[in-house]
Amino acid sequence: MATTPSEEVVPNYGMGLITYVCDEVGPAHKEGENLAQSLENLVKLPLASKLYIRVNWRDVQQRPGRLDFCEHWKLAFDLARRYQKRVGFRVMMSNPDIPGPTLPDFLMQKTPMVKLGEWQHRIRYEPRYDDPAFQAAFRELVDLLAAEYDGHSDVEYVDTFMYGFWGEGHTWPLQSNPFPDSITAENTFVSMFQYQAERWKKTPLVTNTQPDFSRVGNSQLLDRTIQSFNWLRTDTIFIENEQIEELSNRPPWTGVSVEVGMSDGSPSNLHYDEGMTYTDNVIHHVQDVGPCYFSLWNWHRIQADRIVNYYHQFPAAIDQLARRIGYRVRPSWVWTYEEDGHPGLIIGFVNDGIAGVPGALYVSVVKENGKVLAGGSLDPGYPLPGKVRQAKFPLPKGTNWRGLRLKAEIEVKGGRYPVHWASRQEPNQDGSLTLRPTAGLDQNDETGGLAPG
């Protein structure tokens, strides 16, 4: 059997376009619509298979010992279940885009705030993250969120709590940080990362590749993220070359999310250069770093109509990215063999996507009734884009390979999620592929050799 690439969007865990429903300045909003309608209009857009929300700490907790979710958080998760789309999220400890506090009131009363300087006509303060009261509240928040969402069927990934503005790991352009020295700063955030990594045992943490402008230990966080089989993200594709280097040369099993705002389609927002819009330029550079995810996001002006307005005018780049992003794996070659009276299969797996598998691909040979005859895992990250990875599946004596099913799952941090093969040959409803001879493969091929089987 021989399969060929699918031209359809593949709805697998660990990949896809992401619709942003809430960012630093709040949830989606359109004049004349209530909050629920504005969010639903975004969630139901067919362009993306995932959702993302970014909220302040005070939006998920008001009192010690419990979570208190804001309305747009609850609506987003309700809509995610209804439209069968997983959610990625971040809870911010610092947000310079809102006038009021980011932290809940009970913590503001206990935590010292340090003046860093003026930016955008406002004096900026950051908490003493190393303060015992702050650390106790932080650990409680991590515990509460992990107890609720670690391994949750509606959650795709969770952004790592990082230092400073928006939790991205910096307070640029301000030169100082709130710590007494850089050693205290690094030790504090390494410890905070380790606490998160230990509590989020099933759901991937996604750490920003922000260069360490504020000297708080970001390179240590990135190393520990990769070593613990968690993932990476960036919020730029042009500005910082260091982030491009980190993403492009990551281990192949490390997932990556790229976040860049897009045009709303209005003439003043297109920014043509050599006949190409800025957003299409972004999308082409996003593909260059081989990510698993990309944002559909009107920065600080989230609205479904704005995404649709751009897409209706310039669909090609978005459509191409949707059909290339992440891992798109298929059993390209299926050879049969017999060894000591035992039949078997050798599969040549191929990845037509632009990223390695963000975990390990587990493949099973099963009968139609679900009985597993053989199975095993490829090396994490494999098959790599543009490469072939072979695996051997010995079968019980007397087994006829025709009609068997090849089933795939992705294993991430000990959990397994079903994978739909990205083949033109139609997968079954569960994503598996029924094995059958391909027409013409029983004839001699062009080299004159006999075809297998």
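# A walk through pockets, core and cavity

Three elements, strand E1 (16-23), helix H2 (71-83) and strand E18 (415-419), each supply at least two residues of the lining of the second largest pocket. Before going further, keep in mind that the model you are looking at is predicted. To find the middle of this pocket, look for Pro-11, Ser-49, Lys-50, Gln-84 and Lys-85, which lie nearest its centre among the 27 residues that line it. Its volume is about 630 Å³. What kinds of residue make up this lining? There are 15 nonpolar residues, with six polar and six charged ones beside them.

Now turn to the largest pocket, whose volume is about 1,000 Å³. Here 32 residues form the lining, and Asp-235, Thr-236, Ile-239, Trp-297 and Trp-299 lie nearest the centre. Sorted by class, the lining of the largest pocket holds 13 nonpolar, eleven polar and eight charged residues.

Let us move on to the nonpolar core. The largest one has 132 residues. Trp-57, Trp-73, Phe-89, Val-91, Met-93 and Phe-294 are the residues with the most contacts inside this core. Helix H4, which covers residues 132-149, gives the most to the core, with eight residues. You can pick out Val-91 and explore its surroundings. Which residues does Val-91 contact, leaving aside neighbours within four places in sequence? They are Val-55, Asn-56, Trp-57, Val-60, Trp-73, Leu-141, Leu-145 and Phe-161.

Rolling a probe the size of a water molecule over the atoms shows where empty space is left. In this structure there is one cavity of 30 Å³ or more, and the largest cavity has a volume of about 50 Å³. Ala-28, His-29, Lys-30, Glu-33, Ser-38, Asn-41, Ile-302, Gln-303, Ala-304 and Asp-305 line this cavity. Helix H1 (35-43) and helix H9 (304-313) are the elements that give two or more residues to the lining. By class, the lining of the largest cavity divides into three nonpolar, four polar and three charged residues.

One of those lining residues, Ser-38, deserves a visit of its own. Ser-38 is found in helix H1. Is Ser-38 buried or exposed? Ser-38 has a relative accessible area of 5%, so it counts as buried, the cut-off being under 20%. Its side chain is joined to that of Glu-33 by a polar contact of 2.7 Å. Not counting residues up to four places away in sequence, Ser-38 touches Ala-28, His-29, Lys-30 and Glu-33.

Another buried residue is Asp-264, with a relative accessible area of 11%. You will find Asp-264 in the loop between strand E10 (256-258) and helix H8 (278-288). The side chain of Asp-264 makes a polar contact of 2.8 Å with the side chain of Arg-301. Leaving out residues up to four places away in sequence, Asp-264 touches Asn-269, Asn-298, Arg-301, Arg-306, Asn-309 and Tyr-310.

Our last stop is Ile-123, in strand E6 (residues 122-127). Ile-123 has a relative accessible area of 37%, so this residue is partly exposed. Beyond residues up to four places away in sequence, Ile-123 touches Lys-115, Gly-117 and Glu-118. Asn-56 is 67 residues from Ile-123 along the chain, and the C-alpha atoms of the two are separated by 19 Å.

Note on methods:
Residues numbered from 1 in each chain as written. Predicted model: local features only at pLDDT ≥ 70, side-chain atom pairs only at ≥ 80, totals over all residues. Heavy atoms only, no water. 1 Å grid on protein atoms, 1.4 Å probe; cavity = no way out; pocket = protein on both sides within 12 Å on 5 of 7 lines; lining within 4 Å. Points joined across faces, edges and corners; volume = space filled by probe spheres on them. Nonpolar A, V, L, I, M, F, W, Y, C, P; charged D, E, K, R; others polar. Helix = DSSP H or I, 4+ residues; strand = E, 2+ residues; numbered from the N terminus. Buried < 20%, exposed > 50% of the residue type's maximum accessible area, 1.4 Å probe, protein only. Polar contact = N/O pair within 3.5 Å; in protein donor to acceptor, adjacent residues only side chain to side chain. Contact = heavy atoms within 4.5 Å. Core = buried A, V, L, I, M, F, W, Y, C linked by side-chain atoms within 4.5 Å.
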